[in-house]
Amino acid sequence: MQTDALAAARSRIAPAYDAGLFRESGHAVCDALADHLARSLGDDGPVLNWHAPADNVAAAAAALRGEPAGSDAEVAGRVRGLIEEALRRGQNLHSPRYIGHQVPASVPIAGLFDAVGSVTNQPMAIYEMGPFASAAEEACVAALGAKLGFPAGTFAGFVTHGGSLANTTCLLTARNVLFQNCWEEGVPRSGPRPVIVAHGESHYCIVRAAGLLGLGTRQVVKAELNDRRQIDPPRLDETLTALKADGVPIVAVAAGACATPVGAFDDLNAVADVCEKHDVWLHVDAAHGGAAAFSPTHRHLLAGVERADSVIWDAHKMLFVPALCAFVFYKNRDRRFEAFRQEAPYLFDPSDPGLAEHDSGMKTLECTKRAAALGLWGTWATFGEGLFRDLVDVTFALARSLYEKLSDAEDFEPLNDPQCNIVAFRHVPAFLKDTDAATLGRFQHDLRRDLVRSGRFYIVPTAKDGVPALRCTVMNPLTTEAHLDELMDELRTRGRRLGGTG
């Protein structure tokens with residue numbers, strides 16, 4: 001009976017692994033995705049398919065309660081139907097009217113390379129489990145590190161799951177370097193409490209990292225900014241001098257290239273001078289702006305990045321590959337094992353220690369890690385590095401154009417002179433010219449919600465000086481000047497309706 005039951009179970013399992021059925025279903029999925037891309041790239045339909053969360057959860061739950069598909073044709077049809085349902089209810093980043101978060105309209109073919117790692121399941125804690133995925137990651141690390149200006153053979157790097165984890169890993173390394181026995185014994189419990197000095201508008205993950213590292217979220221000192229919202233080097237010098245005089249250990253200075261709110265790039269050479277003067281670890285969050293290294297026009301924004309002790313760079317932002325693919329770099333390759341000092345004999349083979357250089361599990365928080373670099377590797381190998389230069393140049397130029405349009409309009413107020421592809425602004429129609437800050441800010445929130453739920457455009461909220469505002473990140477190279485004009489007209493029309501004047 002047990003043998004019969006196992007045989008029956010195997011027969012039910014078999015279709016899930018059938019190569020022919022996968023081929024048929026795969027064609028159905030590619031067709032559905034290609035149709036979706038054609039609609040989105042052709043500027044057809046809404047950007048955000050807005051449904052209330054409860055409606056989407058109900059739809060997803062209903063699918064789980066359905067009867068299993070039977071024949072091969074039914075399976076392929078079911079797969080396509082489920083994919084299409086997800087697309088109908090999702091966010092269409094490939095629409096040229098998506099001008100929102102720092103998440104790109106990824107190069108579609110990059111997703112095919114990502115699929116290789118997903119379908120064949122190449123976890124990468126050790127080289128043996130994902131040998132070519134590991135090799136592709138190493139090749140990308142070497143190529144990107146060279147773009148940052150690190151001399152070959154002197155630096156180290158790897159991929160991890162997102163910028164937040166990458167920043168945390170770098171700051172963990174800095175903490176362990178500062179406190180040599182901290183990994184084993186914990187953060188020192190006596191004396192002044194250590195701090196991280198961070199760009200005053202750094203990503204919230206820096207504060208999270210301070211909590212995770214046992215420093216405490218209140219131990220992040222905000223570096224003072226200049227009028228371009230960059231770290232002010234003279235005042236940074238004063239801050240570090242005062243902290244040192246009080247005996248406060250400084251884990252790191254965390255600079256931005258660029259900081260999230262308005263895309264401000266710190267003067268990294270000037271910040272590095274201050275850090276070197278005080279012998280403090282310099283970390284650079286280049287999650288968004290690292291791609292400027294590919295552009296001769298914009299490379300100057302990263303001048304001095306090669307002096308940083310650690311750098312992060314998200315390929316799933318301005319290198320336009322699917323999330324998540326975040327790179328960590330250490331200027332000194334001897335630091336590559338400092339974050340995690342553990343032994344795992346069931347994973348790492350002491351009989352072949354040379355392979356440890358190619359095992360990512362000793363460098364990252366993850367044990368099982370997806371083959372995250374395959375999308376970047378495949379895109380680079382297919383289209384060449386010139387694609388990344390063009391993606392940076394086109395999207396940065398579009399943001400500059402939007403800024404100029406906003407500056408020329410009487411009813412818009414740009415809030416930053418963009419260094420990259422991020423523009424913050426407010427719509428200030430005539431009826432709000434003399435209103436108070438609270439009313440002006442509430443109008444921006446209401447305007448954005450109305451616009452986004454209409455599906456016509458997707459932009460995001462921000463704030464300046466505590467007053468809400470609007471923010472665009474041009475993350476689709478197929479966005480045009482005409483789309484930017486349409487955005488402003490759409491905001492005007494909806495603003496009049498909200499204000500009861502149209």
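Ile-109 belongs to helix α5, which spans residues 108-120. Helices (H or I, at least four residues) and strands (E, at least two) are DSSP runs counted from the N terminus. The model is predicted: local features need pLDDT of at least 70 and side-chain atom pairs count only at pLDDT 80 or more, while totals for chains, interfaces and linings use all residues. Residues are numbered from 1 along each chain as its sequence is written, and side-chain values use heavy atoms, with hydrogens and water left out.

Ile-109 has a relative accessible area of 35% and is therefore partly exposed; buried means under 20%, exposed over 50%, and partly exposed in between, with a 1.4 Å probe and protein chains only. Together with Leu-112 and Phe-383, Ile-109 forms a nonpolar surface patch of about 270 Å² accessible area. Accessible areas come from the Shrake-Rupley method with a 1.4 Å probe, and for residues only the protein chains shown count as cover. Patch members have over 30% relative accessible area and no salt bridge; like charges are joined within 9 Å, and nonpolar side chains (Val, Leu, Ile, Met, Phe, Trp, Tyr) within 5 Å.

Inside the protein, in soluble globular proteins, nonpolar side chains tend to be buried together. Here the largest nonpolar core has 68 residues, and those with the most contacts inside it are Val-284, Trp-313, Phe-327, Phe-329 and Leu-376. Helix α11 (residues 268-278) gives the most to this core, with five residues. A second, separate core of 30 residues includes Phe-158, Leu-172, Ala-174 and Ile-312. A core is a set of buried Ala, Val, Leu, Ile, Met, Phe, Trp, Tyr and Cys residues joined through side-chain atoms within 4.5 Å.

Helix α12 (residues 374-383) has buried residues at Leu-374, Gly-375, Leu-376, Gly-378, Thr-379 and Trp-380. These pack against α5, α6 (131-148), β7 and α13 (386-408), where contact means heavy atoms within 4.5 Å. Just after α12, Gly-384 has a positive phi of about 85°.

Ala-257 and Cys-258 are joined by a cis peptide bond with omega about 15°, and Cys-258 sits in the loop between β4 (250-256) and α11. A cis bond also runs from Ala-323 to Leu-324, with omega near 0°; Leu-324 is in the loop between β6 (310-314) and β7 (326-330). The loop between β6 and β7 also holds Phe-320, whose phi is positive, near 60°. Phe-320 is buried because its relative accessible area is 0%.

By the rule that a side-chain nitrogen of Lys or Arg lies within 4 Å of a carboxyl oxygen of Asp or Glu, the model has 28 salt bridges. In one of them, Glu-137 and Lys-369 meet at 2.9 Å, N to O. Glu-137 lies in helix α6 and Lys-369 in the loop between β7 and α12, so the bridge ties together parts 232 residues apart in sequence. Both Glu-137 and Lys-369 are buried.

Asp-237 and Lys-277 also pair at 2.9 Å, N to O, linking helix α10 to helix α11 across 40 residues. Asp-237 counts as buried because its relative accessibility is 18%, whereas Lys-277, at 57%, is exposed. Lys-405 and Asp-485 form a further bridge (2.8 Å, N to O). Lys-405 is in helix α13 and Asp-485 in helix α15 (residues 481-498), 80 residues apart.
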